[in-house]
Amino acid sequence: MDAIPYLAGGSAILALALAAYFFSVVKAADPGNERMQQLMKAIQEGARAFLVKEYTWVAGFVVIMIVLIALLLNPLSAVSYIVGAVLSAAAGWAGMTVATMANARTTNAAIEGPQVALPLAFKGGAVMGFSVAGLSLLGLSFLYLLFVEWTSPDDPFEIITAFGLGASSIALFSRVGGGIYTKAADVGADLVGKVEAGIPEDDPRNPATIADNVGDNVGDVAGMGADLFESYSGAIIAPMAFTAFAAASGWTVGAELKTELILFPFLVAFVGMLGSIVGSFTVRSNGSSKIKDLSHALHMGTNVAMGLTVIGVFISGYMVFEGDARWGLPLAVIFGLVAGWMIGKVAEIWTSDEYGPVKKIAQQSETGPATVILKGISSGMISVGASVSLIALAVGGAYWVGQQALGDTNEAGIYAVAIAAIGMLATTGVVVGVDAYGPIADNAGGIAEMAELPPEVREVTDSLDSLGNTTAAVAKGFAVGSAALTALALFASFDQAISAAGGELDLDIGNVEVFIGLFLGSMLPFVFAALTIDAVGRAAAAMIEEVRRQFREIPGLREGKPGVEPDSARCVAISTEASLKEMIIPGGLAVVVPLVIGFINVNALGGFLAGALVSGFALAIYMSNAGGAWDNAKKYIEAGHHGGKGSDAHAAAVIGDTVGDPFKDTSGPAMNILIKVMTIVSLIFASAFI
């Protein structure tokens, strides 16, 4: 048992070594001609400048949290918080760095065909994936060894839990700020460029094109990486914290079993990491540019990683536990793993143009934008039914096997649910790699257009990009599914922490305090979504006015006269300034509201967290799937269906895609962070509330 944290840390170092290897492979690839390299450099500089400013702004919030944690809890928790925040930011920076290198190299590889471009784009994404998983697991392994094995401070698991809050702080602002940036640029570029000016997507005449490509990296790579870093960390922390707090407040488990339960998440993460490393080497293209064939090649890595994880988890359970726990707890992990895969499959069915929902939205484009929007809304809403049902089955199944494994107690069932969450994210390395592939492919298409490469190159990058929208929706399904399971475990840990501190949590819905909290909690995700969508709208309006101004005031720009260049730097600056200013209020709500309610009444806070979990999960699924469906419906039409590019149907689909942009890349993905930030803030400050 003593070796488990060292094994987990060793696998994390192996993952980081693999990330370094993939980085060297991407760096060695040919970045293309001089024009492609100029575009790559412009995107790199814009992304780097944004992240530096964003991290500077977020540092102020982090300092405030450090002071609060040090004063209300203890200085060691503040140290753990700093480690989580720094490693999360480092993972985002690493992913952004390689993604802005891989874009032009993927474009150049697309000249040879998808069999070269797809593996290269995946390797670029895999740097992000294995940086996220490796840094998270390494940080948690080190903190466990430091505070549990090597030293003996009071409340060591309260200290370790603060790591998750540090990761959440960076993730929340990275997702919101990056999401506002990318969608302000995207919406501005689309509405003025494609709809008003009638020029192609990513046309070099459009001043917002560079800002749009920068946004793909700061929102969908750095922001997404911080998001999954937080999700992965929270999934490992939740069962550890629950076991420690539950045992302190009366759950009767032997000392040996308690240690085994606390260390088992590290063992699951270790097995999943090894599976992900092996799976990453199986991503190969057979040369076909068909979406179905590309999808099969890309998902091969995930499927192999999942298969190896299933085998490894059962072997691990047999080696660590005795009796029914040998099969029960590994089975709980499998429930989470399968539920995550199935939620991802639901996302694929509702967002891929290989299936009916996207084709029906594209068909509705023939009758105008209103019917496109209506069909997209209904598709996103109906997809919630399948995802919620899967989560309910996973929670029910894991709870049942937990009781079979550890005894007929509520604590046994909740522990198994928490273990299911780490099962869902055990293969984070390869899942994030597949997700981060998407923005790289999107950038590759933009560079192909701006560098005026032959149309067949753009056809290859478009096929890669279309698949990227689906893989992003799949990864978002994993993230929000794990958020539901992790938040449930953290919520139960909050209950136990209140009891351990000498208080009592009454969640009877007949209690008026709980009832009020329940309504406030169910309301907050809608307010959060409204604030982030409004933020995108305001930032996009500024971008639209700037693009119109340049088309109006720069002679020959709209006509594409030789030597006339747009002022792309001004558009990058507009997106940067607007997104940083707009992220403060929605980001701050996630921390301030639970603290205020908690210091007023802990029962109201319990109801608040329950309401936010339920409504936030449903809203996240709805927005992510609806947005992905609108985007791929547009791409389906651009591929030649329903009149193709330039048709009235295409114009209607572009409007649907524009509505869906903040749904799928700003508000929807940030919702799962919102849920967990509020829950983990409540857990960490539970003793202060009492």
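Ser647 occupies the loop between helix H18 (602-638) and helix H19 (648-684); helices here are DSSP runs of H or I with at least four residues, and they are numbered from the N terminus. At 18% relative accessibility, Ser647 counts as buried, a class that covers values under 20%, while exposed means over 50% and partly exposed lies in between (1.4 Å probe, protein chains only). With neighbours within four places in sequence left aside, Ser647 is in contact with Ile637 and His642, contact being heavy atoms within 4.5 Å.

The model is predicted, so that local features need pLDDT of at least 70 and side-chain atom pairs count only at pLDDT 80 or more, whereas totals for chains, interfaces and linings use all residues. Residues are numbered from 1 along each chain as its sequence is written, and side-chain values use heavy atoms, with hydrogens and water left out.

- Thr658 lies in helix H19 and, at 11% relative accessibility, counts as buried.
- Leaving aside neighbours within four places in sequence, the contacts of Thr658 are Val187, Asp190 and Leu191.
- Leu524 has its place in helix H15 and is buried, at 5% relative accessibility.
- Not counting residues up to four places away in sequence, Leu524 touches Leu589, Phe608 and Met678.
- The C-alpha atoms of Leu524 and Ala590 are separated by 8.9 Å, although these residues are 66 residues apart along the chain.

**Salt bridges**

- The whole structure contains 18 salt bridges, each being a side-chain nitrogen of Lys or Arg within 4 Å of a carboxyl oxygen of Asp or Glu.
- Lys634 forms one of them with Asp657, and the closest N and O atoms are 3.0 Å apart.
- Because Lys634 lies in helix H18 and Asp657 in helix H19, this pair ties together parts that are 23 residues apart in sequence.
- Lys634 is buried, with a relative accessible area of 1%, and Asp657 is buried, with a relative accessible area of 1%.
- Lys664 and Asp665 meet through their side chains in a salt bridge of 2.6 Å, N to O.
- Lys664 is buried at a relative accessible area of 7%, and Asp665 is buried at 4%.
- Salt bridges with shared partners join Lys183, Asp186, Asp631, Lys634, Lys635, Asp657, Asp661, Lys664 and Asp665 into one network.
- In helix H15, Glu553 and Arg549 are four residues apart, a separation of about one helical turn.
- Glu553 and Arg549 form a salt bridge, with their closest N and O atoms 2.9 Å apart.
- Glu553 is partly exposed, with a relative accessible area of 46%, and Arg549 is partly exposed at 27% relative accessibility.

**Aromatic rings**

- The structure holds 15 aromatic pairs, in which rings of Phe, Tyr and Trp (its six-membered ring) have centres within 6.5 Å; planes under 30 degrees apart count as stacked, over 60 as edge-to-face and the rest as tilted.
- The rings of Tyr144 and Phe157 form a tilted pair, because their planes stand at 50°, with their centres 6.4 Å apart.
- Tyr144 belongs to helix H4 (residues 114-150) and Phe157 to helix H5 (residues 156-197), so the pair ties together parts that are 13 residues apart in sequence.
- Tyr144 is buried, with a relative accessible area of 3%, and Phe157 is buried, with a relative accessible area of 11%.
- Phe515 and Phe519 have ring centres 5.0 Å apart and planes at 50°, so this pair is tilted.
- Both of these residues lie in helix H15 (residues 512-553), where Phe515 and Phe519 are four residues apart and separated by about one helical turn.
- Phe515 is partly exposed at 39% relative accessibility, whereas Phe519 is exposed, with a relative accessible area of 53%.
- One aromatic cluster is formed by Tyr21, Phe22 and Phe281.
- The charged end of Arg326 sits over the ring of Tyr318, 4.1 Å from its centre; this term requires NZ of Lys or CZ of Arg within 6 Å of the ring centre and within 35 degrees of the ring normal.

**Nonpolar surface patch**

- Val63, Ile64, Val67, Leu68, Leu71, Leu72 and Phe599 make a nonpolar surface patch of about 650 Å².
- Patches are made of residues with over 30% relative accessible area and no salt bridge, where like charges are joined within 9 Å and nonpolar side chains (Val, Leu, Ile, Met, Phe, Trp, Tyr) within 5 Å; accessible areas come from the Shrake-Rupley method with a 1.4 Å probe, and for residues only the protein chains shown count as cover.
- Helix H2 (residues 34-72) gives the most to this patch, with six residues.
- Leu68 is found in helix H2 and counts as partly exposed, at 31% relative accessibility.

Note on methods: Helices (H or I, at least four residues) and strands (E, at least two) are DSSP runs, numbered from the N terminus.
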